[in-house]
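Hello,

Please find the structure below. My notes on what was found in it follow.

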Amino acid sequence: MTRAITILTENFADWETALINSTARLYYGLYTQFATPGGLPVTSSGGMLVTPQLALEDIVLEDLDLLMVCGGSHWQSGKAPDLGPLLRAARDRGVVLAGICDGTRVLAQSGVLDTVRHTSNGAANLMDTGYAGAALYQDVPWAVADQRVITAPGTAPVSFTREVLRALGIDDDNLTAYLAMHGAEHGQADRAHLAA
């Protein structure tokens, strides 16, 4: 069974990894878990209280297929945990790594984005992380996948879901239709706005 862990912190952004976890678990049978610093409950930016299955410190990479870092304000608070050793070890083991919004900052700080094409909430969002991958930054509003590393701005949970599942070898007509349904409002709203 494909196993995925999402890392959450206090004030995590509810919407960013909700679609990927729900789709992966409900439709594709992935075993999804959540990890937080110390295994403590965290409250999302929207006020949702989450009790995780495990502590960051207890993550075992053996048999792990996907490790995601959800964004949120905590990653820039100065109180965020150092995930560098964990992320580098996961990368060395071939685990798919994914970060959305400020989760991309965590990947950058760990050095994971130094050699892969990537995106974020904007190039400036990564500049103070000390990473060496600025030349590979892609200024696009959708998820970018390269060498089993997926990054996305916080406004792109639909393309993030698509690219994460593709990296896990899941890409079928049902997924295409499902994600098109989730993204349809954007195209229609844009066309209606331009016509007004």
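**Pockets and other findings**

Helix α1 (residues 14-28) gives 5 residues to the lining of the second largest pocket, the most of any element. Helices here are DSSP runs of H or I with at least four residues, strands are runs of E with at least two, and both are numbered from the N terminus. A pocket is worked out on a 1 Å grid over the protein atoms alone: it is an open set of points where a 1.4 Å probe fits, with protein on both sides within 12 Å along at least five of seven lines, and a lining residue has an atom within 4 Å of a point.

Before going on, note that this is a predicted model, in which local features need pLDDT of at least 70 and side-chain atom pairs count only at pLDDT 80 or more, while totals for chains, interfaces and linings use all residues. Residues are numbered from 1 along each chain as its sequence is written, and side-chain values use heavy atoms, with hydrogens and water left out.

The second largest pocket has a volume of about 160 Å³, where volume is the space filled by probe spheres set on the grid points, which are joined across faces, edges and corners. Its lining consists of Leu 8, Phe 12, Asp 14, Thr 17, Ala 18, Asn 21, Ser 22, Phe 34, Met 48 and Val 50. By type, that lining has 6 nonpolar, 3 polar and 1 charged. Nonpolar covers Ala, Val, Leu, Ile, Met, Phe, Trp, Tyr, Cys and Pro; charged covers Asp, Glu, Lys and Arg; the others, Gly among them, are polar.

One of these lining residues, Met 48, sits in the loop between β3 (42-43) and β4 (49-50). Met 48 counts as partly exposed because its relative accessibility is 43%; buried means under 20% relative accessible area, exposed over 50%, and partly exposed in between, with a 1.4 Å probe and protein chains only. Leaving aside residues up to four places away in sequence, Met 48 touches Phe 12, Asp 14, Val 42 and Thr 43, a contact being heavy atoms within 4.5 Å. From Met 48 to Asn 11 the separation is 37 residues in sequence and 9.2 Å in space, C-alpha to C-alpha.

Asn 11 lies in the loop between β1 (3-7) and α1. Most residues other than glycine have a negative phi. Asn 11 is not a glycine, yet has a positive phi of about 65°. Arg 148, in the loop between β8 (144-146) and β9, is also not a glycine and has a positive phi of about 70°.

The largest pocket holds about 260 Å³ of space. Its lining has 14 residues, and the closest to the centre are Ala 156, Val 158, Ser 159, Gly 183 and His 186.

How many residues of helix α3 (residues 103-110) are buried? The count is 7 of its 8. They pack against β6 (66-69), α2 (84-92), β7 (96-100), α4 (124-127) and β9 (149-152). Just after α3, Gly 111 takes a positive phi of about 90°.

As for the whole protein, there are 6 helices and 9 strands. Of its 196 residues, 48% count as buried. The C-alpha trace spans about 50 × 35 × 35 Å along the principal axes.

Regards
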